[in-house]
Amino acid sequence: MSNLILAPSLLSADFNNLSDAMKKIEQEGSGAVHIDVMDGNFVPEITYGEPVIRCIRKCSDLPFDVHLMVEKPENHVKLFSEAGADWITFHIEATNHANRVIQMIHEMGKKAGVAVNPGTPVSALEEVLEYADLILVMTVNPGWGNQSMIPSTLNKVRSLKKIRSEKGYHYMISVDGGVNEKTLSSVVEAGTDVVVSGSAFFKGTLNWKK
């Protein structure tokens, strides 16, 4: 798994001490930090916003993948770019202007990710795959932690890998949800480049380097 990028999800960290959480992420050799932003509309829960990201930006030089689980992400690209995001990932289901959102992210000098929910087919991404830097396959329904992975969602990873090869596209494929010691091997075998893990990572049970 030497080429695998691990992106621990900050949502599962101890919020009493985010500084220590960031140290653990770096010490484990992670390649990025996954930061879930929820607005209470696109998903029921509300998490943190720009001030928290701006604060923890001082704790690490790792790339920040800010995952916007928000309606109309085009309204938030500039704010989170300026807060310290390196990658901005938005949901294809959350906007009617996905291509424009990607353009906005690139204009800010950031990498653009597009996420897809379990119930959304790969075909919904067809018009943006050429322009995206990252495709995030949600392997659980977004908005809650500690869910079990939906195995059929890995078929999307396989499809996206095949399309990338056939079309010569450059996007990375990421998986988010239910990744643990039991499911990691199937995630990697499907063709995932970036693995998001929350609970398993912070509990120390994800042996991703073997």
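Modeller: The secondary structure of the chain amounts to seven helices and eight strands. Please bear in mind that this is a predicted model.

Colleague: What radius of gyration does the chain have, and which value would a compact globule have?

Modeller: The chain contains 210 residues, and a compact globule with that number would have a radius of gyration near 17 Å. The value for the chain agrees with this, at 16 Å.

Colleague: What share of the residues is buried?

Modeller: Buried residues are those under 20% relative accessible area. Of the 210 residues of the chain, the share that counts as buried is 53%.

Colleague: Where is D193 found, and is D193 buried or partly exposed?

Modeller: D193 belongs to the loop between α6 (184-190) and β8 (194-197). Its relative accessible area is 22%. Buried would require a value under 20%, so D193 is classed as partly exposed.

Colleague: Which side chain makes a polar contact with the side chain of D193?

Modeller: Leaving aside residues up to four places away in sequence, D193 touches N3, L4, I5, R164, M172 and I173. A polar contact requires N or O atoms within 3.5 Å. At 2.8 Å, the side chain of D193 has such a contact with the side chain of R164.

Colleague: Which backbone nitrogen does the side chain of D193 reach?

Modeller: I173 is among the residues that D193 touches. At 2.8 Å, the side chain of D193 reaches the backbone nitrogen of I173.

Conventions: Residues numbered from 1 in each chain as written. Predicted model: local features only at pLDDT ≥ 70, side-chain atom pairs only at ≥ 80, totals over all residues. Heavy atoms only, no water. Helix = DSSP H or I, 4+ residues; strand = E, 2+ residues; numbered from the N terminus. Buried < 20%, exposed > 50% of the residue type's maximum accessible area, 1.4 Å probe, protein only. Contact = heavy atoms within 4.5 Å. Polar contact = N/O pair within 3.5 Å; in protein donor to acceptor, adjacent residues only side chain to side chain. Rg over C-alpha atoms; globule rule 2.2 N^0.38 Å.
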